[in-house]
Amino acid sequence: MTEDVRRVFRMDNEVLAFRFTATLGDRGSRTPRERLTDAARLKMWLGATGLDVMDVSPAGLSDAVELREAIYRIGSAIAAGTRPKPKDVRTLNAVAAAGHAKAALERGGAVWHLTEATPVRDALGVLAADAVRVLGGPDRGRIKNCEGPGCAGLFLDTSRGANRRWCSMNTCGNKVKKSRIAAG
Ligand SMILES: [Zn+2]
């Protein structure tokens with residue numbers, strides 16, 4: 001693996017499922033940026049997330065994108081205070097139910113074991129289960145879309161005053177600050 005994963009993907013979202021939705025960047029702009037351009041990119045992202053798979057098929061990639069967009073639409077609906085579409089919820093639940101990954105504590109760290117038969121499905125199941133946890137969890141009222149220019153990425157606002165506006169201070173927060181300085 002020669003490409004540096006951090007040059008290709010934004011890995012800074014604290015919530016795994018939302019980090020996954022960030023593999024499509026600039027969602028709020030007219031030209032969203034697809035970073036899962038092929039199956040090798042998905043394998044790379046999964047590996048960086050601790051979900052190592054040997055191989056990803058084109059069908060695995062399209063399943064992943066379908067799951068990713070369902071998570072994004074559900075999260076955005078919750079952020080807007082509206083009801084998620086039942087079709088998206090069905091997609092999410094089906095992927096969550098199909099996974100057979102097992103969590104283990106090894107050498108002090110959490111690791112996922114995927115099956116040999118369906119590793120990609122298992123990996124997507126881990127992402128879907130994380131999405132279920134956050135989209136249906138006690139902090140779901142803190143799910144927001146980033147206000148950074150063209151971003152609209154999902155994040156969980158865990159700040160005490162619930163007044164965070166950007167998916168990441170290092171990227172979107174800084175961009176806004178810089179443009180304010182330039183405008184001022
Ligand atoms: Zn952002």
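Is Cys 167 buried or exposed? Cys 167 is buried, with a relative accessible area of 7%; buried means under 20% relative accessible area, exposed over 50%, and partly exposed in between, for a 1.4 Å probe and protein chains only.

## Basis of the report

The structure is a predicted model, in which local features need pLDDT of at least 70 and side-chain atom pairs count only at pLDDT 80 or more, while totals for chains, interfaces and linings use all residues. Residues are numbered from 1 along each chain as its sequence is written, and side-chain values use heavy atoms, with hydrogens and water left out.

Helices (H or I, at least four residues) and strands (E, at least two) are DSSP runs, numbered from the N terminus.

## The zinc site

The zinc ion is coordinated at 2.3 Å by the SG atoms of Cys 146, Cys 151, Cys 167 and Cys 172. Donors are N, O and S atoms within 2.8 Å of the metal (3.2 Å for Na, K and Ca); water is not among the atoms, so sites may look incomplete. The angles subtended by the four donor atoms run from 106 to 114°, which makes the arrangement tetrahedral; four donors count as tetrahedral if all angles lie between 85 and 135 degrees. The ideal angle for four tetrahedral donors is 109.5 degrees.

Along the sequence, the donor residues follow the spacing C-x4-C-x15-C-x4-C. Cys 151 belongs to the loop between strand S5 (143-145) and strand S6 (154-156), and Cys 167 to the loop between S6 and helix H7 (169-183), so the pair ties together parts that are 16 residues apart in sequence. Cys 151 is buried, with a relative accessible area of 10%.

## Helices H4 and H6

Two packed helices are described by the angle between their axes and the distance between the axes. Helix H4 (residues 58-79) packs against helix H6 (residues 119-135) at an angle of about 0°, and their axes are 11 Å apart. H4 is therefore roughly parallel to H6, a term for angles under 35 degrees. Axes are lines fitted to C-alpha atoms, for helices over the stretch in contact, and angles run from 0 to 180 degrees between N-to-C directions.

Not counting residues up to four places away in sequence, Ser 76 touches Asn 145 and Leu 154.

Val 56 is located in the loop between helix H3 (39-48) and H4. Val 56 is buried, with a relative accessible area of 8%. Leaving aside residues up to four places away in sequence, Val 56 touches Ala 39, Leu 42, Lys 43, Leu 61 and Val 120.

Strand S3 (residues 102-106) and strand S4 (residues 109-113) pair in the antiparallel sense over five bridges; two strands pair if DSSP finds at least two bridges between them. Ala 104 stands opposite Val 111 in S4. The two strands form a hairpin with two residues between them, and Arg 107 in the turn has a positive phi of about 50°.

## Positive phi in two loops

Asp 26 has a positive phi of about 50° although it is not a glycine. Asp 26 lies in the loop between strand S1 (24-25) and strand S2 (33-34) and is partly exposed at 30% relative accessibility.

Ala 162, likewise not a glycine, has a positive phi of about 50°. Ala 162 is found in the loop between S6 and H7 and counts as partly exposed at 34% relative accessibility.

Notes
Tetrahedral: all angles 85-135°; square planar, octahedral: opposite > 155°, others 65-115°. Parallel < 35°, antiparallel > 145°, perpendicular 65-115°, else oblique. Contact = heavy atoms within 4.5 Å.
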